[in-house]
Amino acid sequence: MKMKNLLIEKQDSITLLTINRPEKLNALNKATIQELHDAFKTLSEDKSVQVIVVTGSGEKAFVAGADISEFADFSVEKGGMLAANGQEILFDFIQNLSTPVIAAVNGFALGGGLELAMACHFRVASENAKMGLPEVTLGVIPGYGGTQRLPQLIGKGRAMEMIMSAVMIDAETAKNYGLVNHVVPQDQLLEFTKNIAFKIARNSSVAIAKAIEAINANYEDGVNGYETEIVNFGSCFGTADFKEGTTAFLEKRKAVFLG
Ligand code: COA
């Protein structure tokens, strides 16, 4: 897969996806959003890819937002389309992927950049990371799911304050808020995140996919997450991974999942 704005490196069972526009602090222009969609789609269809780690190139930014230069002259209609299209092809798409996606937040994650990190299944940050949704300083609001996912992750009051004040929070505060799971020195970020990814990759990818779906069901309108859990739990019993996992346990050996 050759991409203009992305680097894709496969390392055994995990893949590192690096957004590579460092001169623009990895801002998400239309082309990068489309490339990310294409990359996530292809990788999620590849059975040998068990976990995807997303990061930004350079030491300064994960992603400094949607590319402001592309939408500054948009009309009401085009603005609405920008958000709808982005949510559909990238942000909701990542959230609902059955392959686990971890954001390794290596610097500024602002606006669409924080929204991208929040669409991932969970986040690890480097000590220098700064996170915020500064859209109201531009006279607009978050449009890639930020008004929904930020309160889900950190609570309504904190999200209200962050979005209204447009402040950037540091990595430690983000960890205290529950926005990121871990904070590590920048030079250890990828190694640390990949270690988590390799731990995940050892487990049943079939079961993990069902768990992601059940967890996400909690946040879907009109869906009873407990019902989804029951259905997905039951369906695991018909999988080869369940047979292997339980048999291996009873035989006191390590399970070898086919994926
Ligand atoms: N869209 C388009 N270009 C962006 C961008 C964005 N969201 N964020 C940064 N860039 C570009 C800058 O325009 C600059 O390009 P140039 O060299 O061609 O002028 C380059 O990236 C470097 O950014 P710069 O602002 O010079 O770096 P800095 O260290 O002074 O400031 C930030 C870093 C992150 C504080 C600053 O770039 C910023 O505020 N970015 C916008 C954040 C934002 O509002 N995001 C939400 C968008 S919805």
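This is a predicted model: local features need pLDDT of at least 70, side-chain atom pairs count only at pLDDT 80 or more; totals for chains, interfaces and linings use all residues.

Student: Which residues form a negative surface patch?

Tutor: The negative surface patch consists of E59, E127, D170, E172 and D187. A patch is built from residues with over 30% relative accessible area and no salt bridge, like charges being joined within 9 Å and nonpolar side chains (Val, Leu, Ile, Met, Phe, Trp, Tyr) within 5 Å. Lys and Arg count as positive and Asp and Glu as negative, while His and the chain ends are not counted. Each charge is placed at NZ of Lys, CZ of Arg, CG of Asp or CD of Glu. Accessible areas come from the Shrake-Rupley method with a 1.4 Å probe, and for residues only the protein chains shown count as cover.

Student: Where does D187 lie, and is D187 buried or exposed?

Tutor: Buried means under 20% relative accessible area, exposed over 50%, and partly exposed in between (1.4 Å probe, protein chains only). D187 has a relative accessible area of 69% and is therefore exposed. D187 belongs to the loop between strand 10 (182–184) and helix 8 (189–201). Helices (H or I, at least four residues) and strands (E, at least two) are DSSP runs, numbered from the N terminus.

Student: Which residues make the nonpolar surface patch?

Tutor: I68, L138 and V140 make a nonpolar patch of about 240 Å². V140 sits in the loop between strand 8 (130–132) and helix 5 (146–154), and its relative accessibility of 36% makes V140 partly exposed.

Student: How does one read the two sides of a helix? Which residues of helix 11 are buried?

Tutor: The general idea is that an α-helix has 3.6 residues a turn, so residues three or four places apart point the same way. In helix 11 (residues 240–250), the buried residues are D241, E244 and A248. They lie on the same side of helix 11 because they cover an arc of only 65 degrees around the axis; the arc is that of the directions from the helix axis to the C-beta atoms. K243, F249 and L250 are exposed on the other side of helix 11.

Student: How many salt bridges are there?

Tutor: In general, side chains of opposite charge can pair when their charged atoms come close. The criterion for a salt bridge is a side-chain nitrogen of Lys or Arg within 4 Å of a carboxyl oxygen of Asp or Glu. By this rule there are 5 salt bridges.

Student: Where do K41 and E45 lie?

Tutor: K41 and E45 both lie in helix 1 (residues 30–45), 4 residues apart, which is about one turn of the helix. Their side chains meet in a salt bridge of 2.9 Å, N to O. K41 is partly exposed, at 36% relative accessible area, whereas E45 is exposed, at 55%.

Student: Which residues are linked in a network of salt bridges?

Tutor: The network links E244, E251 and R253. R253 meets E244 at 2.8 Å, N to O, and R253 also pairs with E251, where the closest N and O atoms are 2.7 Å apart. E244, one of the buried residues of helix 11, has a relative accessible area of 18%. R253 is partly exposed, at 36%, and E251 is likewise classed as partly exposed, at 48%.

Student: Turning to the backbone, which value does phi of D12 take?

Tutor: Phi of D12 is near 55 degrees, a positive value in a residue other than glycine. D12 is placed in the loop between strand 1 (6–11) and strand 2 (14–19), and D12 is exposed, with 66% relative accessibility.

Student: Where is A166 found, and is A166 buried or exposed?

Tutor: A166 occupies the loop between helix 6 (156–165) and strand 9 (169–170). A166 is buried, at 14% relative accessible area. Its phi is positive, about 60 degrees, although A166 is not a glycine.

Definitions and conventions. Residues are numbered from 1 along each chain as its sequence is written. Side-chain values use heavy atoms; hydrogens and water are left out.
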